[in-house]
Amino acid sequence: MEHHLIQIFFLIFTGAAVVASLALFARQPLLVVYILLGAAMGPHGLAWVTDVQLIAEIASIGIIFLLFLLGLDMQPQALLRVFRQVTHITLISSLIFALAGYGIGYLFGFSATENLIIGTSMMFSSTIIGIKLLPTTVLHHRHSGELMVGMLLMQDFLAIFVLLMLISAASGDDSSMRFAVSLISLPLLIAGAVLMVRYLLQPLFARFDRIGEYVFLLAIGWCLGVAELAEYGGLSREIGAFIAGISIATSPIAPYIALNLKPLRDFFLILFFFALGGGFDLSLIPQIALPATILAIIMLCLKPVVYHWLLRNQSESHGLAWDIGLRLGQNSEFSLLIAYVAFNTSLISNSASHLIQAAAIITFLVSSYIVVFNLTNPIALQDKLRRD
């Protein structure tokens, strides 16, 4: 098992280094390369890496670190203010996207249940791509960054609610009870995190802040510990990680932690995008190519327009509304999770599951190109657009 995992890491990272070098010379975005590499080397391609599920589980740590770092750079007061601004935008846009997805599924002859899940999976935008391609200065210090983060987090809460409903429907449990437990867990987790930081973490950081290894270890332990508590409380590890980050955001040591965790985050995110491509069954492409392409095109066109319209109605500037709309113009990694859970619980067919996955991957690819070549971002190939 040890040698098997080392071999997998060798293939992934050596392959990623080679194709990333070629992609940079060819002026192509790296996120796209990682997804295509996973499809090529995964079990449905060359089959050099067959245990994609193992890679995906390891890679999920990258999403946890991403949300933890996001929380580190958000002030609690600013987050509450942003939530008040974006709640109605998130709810209205999610409803519009769900109706569009339902309609496309209906046109291609899927069942009512499948159409409902297809529509639901269209409601969200990618937290990883949205934040990964947002310049650090915008993320931390600009109004547009605050709005984007608020909308993505609201969507995460909606996605968790949807997943709870799907799991409850499959298991026969009382979904209202599960949801009530989640609602109770959230304020308890926040209060517990604040108290732990005030009476335990802050004194430890103050006493041993000269020992960088200890600060690094304590930060990782805190992040993963709160993430796991959130999972037990019916929330998600990602929300737990965000709470862990924002609970120490006011600490003077927060910038140091953020700087040192970024390479670790990027390591796991490469695995995430590889697993994303590797999990796609290429043999189903002829069957779902047309509906997936149409669904992806509609989402890529509809999402920027809807976000622009809603933000303009909130008196945001024309440029900011288009910027956020284009950055959130893709489907979400939660779409893939919804498809996975719904298929494994026999709520949808394999074709419907892969339709959702294919549409999501297409929007990931096209949206990445749109942002990398047209908007400011950390991995832009043009000097005038590169910001970090």
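Predicted model: local features only at pLDDT ≥ 70, side-chain atom pairs only at ≥ 80, totals over all residues.
Across the protein chain the pLDDT averages 83, and 90% of the residues score at least 70. Among the elements of the chain, the mean pLDDT is lowest, at 55, in helix H7 (residues 136–141), whereas helix H13 (residues 285–313) has the highest value, 93.

The largest nonpolar core comprises 125 residues, of which Phe68, Trp222, Ile257 and Phe273 touch the most other members. Helix H3 (residues 52–72) supplies the largest share of this core, with 14 residues. When neighbours within four places in sequence are left aside, phenylalanine 68 is in contact with Trp222 and Ile257, and also with Ala219, Cys223, Ala241, Phe242, Ala244, Gly245, Ile248 and Leu261.

Helix H15 (residues 333–344) contains twelve residues and spans 17 Å from its first C-alpha to its last, which is close to the 16 Å expected at 1.5 Å a residue. Buried residues in H15 are Glu333, Phe334, Ser335, Leu336, Ile338, Ala339, Val341 and Ala342. Just after H15, a positive phi of about 65 degrees is found at serine 346.

Leucine 355 lies in helix H16 (residues 350–374) and counts as buried because its relative accessibility is 2%, the cut-off being under 20%. Apart from neighbours within four places in sequence, leucine 355 is in contact with Phe110, Ile118, Ile288, Pro291, Ala292 and Leu295. The C-alpha atom of leucine 355 is separated by 9.4 Å from that of glycine 105, although these two residues are 250 residues apart along the chain.

Notes:
Residues numbered from 1 in each chain as written. Heavy atoms only, no water. pLDDT = per-residue confidence, 0-100. Helix = DSSP H or I, 4+ residues; strand = E, 2+ residues; numbered from the N terminus. Expected span 1.5 Å × (residues − 1). Buried < 20%, exposed > 50% of the residue type's maximum accessible area, 1.4 Å probe, protein only. Contact = heavy atoms within 4.5 Å. Core = buried A, V, L, I, M, F, W, Y, C linked by side-chain atoms within 4.5 Å.
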